[in-house]
Amino acid sequence: MREDVKSLDIRDVTANWVNAAALEAQIEDRIKALADLSHTPLFFGRLDYLHAVGAEQAEGAEGERFYIGRRHVHDADGNPMVVDWRAPVSQPFYRASKKDALDVGLRRRFGYTSGELTAYEDEHLSDPAEAATSSKLLQAEIERPRVGPMRDIVATIQPEQDEIVRSGLSGSVCVQGGPGTGKTAVGLHRVAYLLYAHRERLARTGTLVIGPNASFLHYIEQVLPALGELEVKQATVDELVGSAVQVRGTDAAPAAVVKGDARLAEVLRRAVRSHVSMPVEPLVVVRGSRRWRVPAYEIEELVRQLLDRDIRYGAAREALPQRIAHAVLVRMEQAGEAPDDRVQDAVARNPAVKAVVKAVWPPVDPAKLVLRLLSDAEFLAEHAEGLLTADEQRTILWEKPVRSLKSVKWSPADAVLIDEVGDLVARTHSLGHVVLDEAQDLSPMQYRAVGRRCSTGSATVLGDLAQGTTPWATGSWAEALKHLGKSEAVVEELTAGFRVPREVIAYASRLLPVISPGLAEVESVRESPGSLSVRTAAGGLDDAVVAACVESLTHEGSTGLIAADARIPALAKALTAADLPYLSPGEETTAESRLTLVPASLAKGLEYDYVVLDEPAAVVAGEPDERTGLRRLYVALTRAVSGLIVLHGEPLPEALAAAGVTSP
């Protein structure tokens, strides 16, 4: 298929060089999409239908066979050899069961090792004599060692995941999923499915995946290209809103919480509208030998009409000169003249009209407005009255005056406020679909910023309330979706865990009553006795951690050493002294480099075959409050796929100490 595209001759089908360049770019993209991926087979399953698909199920009718893969593959004559996993005919591969065979006689799964076919497994779904069994190949694929970036899960999508993946483009979906339930993979595969089902529409409107940090985005960036989707953009929330100013500062937690509160949206709206003033003098427009006078009260009426419509500040400012010009044209017509649209446009550009507009509806610079709001106590008090308390206002006011706009050390929360003002002035461009991962960590104002990017499109929201590790983390999905502007979104919950061993997730879940009461525990499908070891470091903690890393590296797969951010320098020094090379989060693990040193603040969304967790008490103490600290610990405890070693010198948090899991 790739060679066919390369051999295309476009010289006789392009009218000019512009068309030729566009077509060449499309051909290059197609060639990239058809690239072979090492160790990635073209197909992973087979469906034998009892009857031809779409035909009447008459007795004696012949069935039909399809091979299922990541991509559609056809032969030299255009006949399909492999069917795309997203096609409707492939759906029974994920949904069919002994209870509802969906006209499938046989489902075959293929097993591969390094791209080589090594096994296959058959299920005769329509044969009542064959008992339903769990798939060993499916289990083996789930438990395959994690080396390198995140991979796709097309061969292992479960029925409850498939329902979310194939949900329509018109509606938004929120997926609550505990550690290891596959929510991130589900979100990415939903994007791939939507691009397949609505390619032309999304090609026009665009798609975006938003992640918590650059390390996470680097980890997941190969999933969609492996499925043939190369055009999906990725960004963090900070990158999304940070184009207007350079972020160089940080906020203390109390200030960040107030700045992230949804009440700031109304404060900013008031501040923007405060720039509008009413005219005090009439307008006189001179055209030729005639002078046309519009009294101040009439201009004021036009201004109030625009304010009452509550449209974007910039759009209203652009409309005002045309409305004033129309008032002038009415007078011209009353005087017997016959002005047309060109005259109205000329009047709207008249210096006198421009001067009135500048006086009553001046331009607003978003960064300058936020600067004034955070540095001028009187200006803030005027527009925050009845919304923010005096203490809250003092919390977000800058202590030192700023000399100029360029000298401001904007924080991430400030950038979100500037983005909000930017949208009040001019509408933010909306995309067709946005995926928001680790959504539980966003502030209400950040939700609003993301919501603006999909105001006319849909969203897939992914997260786990128990893993909210910011002081402003949301308390419920209903609240989050309201701020996002997607209150109608369907909330789905994934509770079956496919990554974290049962023993490990049960241990971590002891924190749930404290960090997220009422949230359902993840039920792991993976039995792995001996996967958890909790140890007291009798000697030096650093030496015990290094020894645990050496022990974990004797197993196949990746190892992550997770520790409180403040402990990273000491552990880095200990690993170097022990001649143990290590990677940083975001760097790709290989067969030669399998140990990654991970600050707890960057562990979210990552996974390793074996995890060594250093000093849980330090992880908790590294956060502004105990609940946030325990949530951070919950995240760190649930990064392991095959085994977890917890090492501590200080007492464990109360909920974990009561677990009674110890080993030498």
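Arg567 is found in the loop between strand S18 (559-563) and helix H26, where helices (H or I, at least four residues) and strands (E, at least two) are DSSP runs numbered from the N terminus. With a relative accessible area of 18%, Arg567 is buried, the term buried being applied under 20% relative accessible area, exposed over 50%, and partly exposed in between (1.4 Å probe, protein chains only). The C-alpha atoms of Arg567 and Glu116 are separated by 43 Å, the two residues being 451 residues apart along the chain. The model is predicted, so that local features need pLDDT of at least 70 and side-chain atom pairs count only at pLDDT 80 or more, whereas totals for chains, interfaces and linings use all residues. Residues are numbered from 1 along each chain as its sequence is written, and side-chain values use heavy atoms, with hydrogens and water left out.

The protein chain has 29 helices and 21 strands, and its C-alpha atoms fill a box of roughly 95 × 70 × 45 Å, taken along the principal axes. Of the 664 residues of the protein chain, 52% count as buried.

Asp579, although it is not a glycine, has a positive phi of about 60°; Asp579 lies in the loop between helix H26 (568-577) and strand S19 (595-599), and is exposed, with a relative accessible area of 67%. Glu438, likewise a residue other than glycine, has a positive phi near 50°. Glu438 is placed in the loop between strand S12 (433-436) and helix H21 (444-452), and with a relative accessible area of 3% Glu438 is buried.

Charged side chains were examined next. Side chains of opposite charge can pair when their charged atoms come close. A salt bridge was assigned where a side-chain nitrogen of Lys or Arg is within 4 Å of a carboxyl oxygen of Asp or Glu, and by this rule the count comes to 37 salt bridges. One of these joins the side chains of Arg263 and Glu392, with an N to O distance of 2.8 Å. Arg263 lies in helix H12 (residues 263-273) and Glu392 in helix H19 (residues 390-396), so the pair ties together parts that are 129 residues apart in sequence. Arg263 is partly exposed at 28% relative accessibility, whereas Glu392 is buried, with a relative accessible area of 19%.

Within helix H12, Arg270 forms a salt bridge with Glu266, the closest N and O atoms being 3.4 Å apart. Because Arg270 and Glu266 are four residues apart in this helix, they are separated by about one helical turn. Both residues are partly exposed, Arg270 at 29% relative accessibility and Glu266 at 27%. Arg270 and Glu266 also belong to a network of salt bridges that links them with Arg269, Arg273 and Asp310. A further salt bridge connects Arg632 with Glu623, where the closest N and O atoms are 2.9 Å apart; Arg632 is buried, with a relative accessible area of 10%.

A negative surface patch is formed by Glu24, Glu28, Asp29 and Glu231. Patches are made of residues with over 30% relative accessible area and no salt bridge, like charges being joined within 9 Å and nonpolar side chains (Val, Leu, Ile, Met, Phe, Trp, Tyr) within 5 Å. In this scheme Lys and Arg count as positive and Asp and Glu as negative, while His and the chain ends are not counted; the place of a charge is taken as NZ of Lys, CZ of Arg, CG of Asp or CD of Glu. Accessible areas come from the Shrake-Rupley method with a 1.4 Å probe, and for residues only the protein chains shown count as cover. Glu24 lies in helix H2 (residues 17-33) and is partly exposed, with a relative accessible area of 43%.

The structure holds zero disulfides, a disulfide being a pair of cysteine sulfur atoms within 2.5 Å. Cys174 is in no disulfide, and the nearest cysteine sulfur, that of Cys454, is 13 Å away. For Cys454, the closest cysteine sulfur is in turn that of Cys174, and the distance of 13 Å is too far for a bond. Cys174 is buried, with a relative accessible area of 0%, and Cys454 also counts as buried, at 0% relative accessibility.
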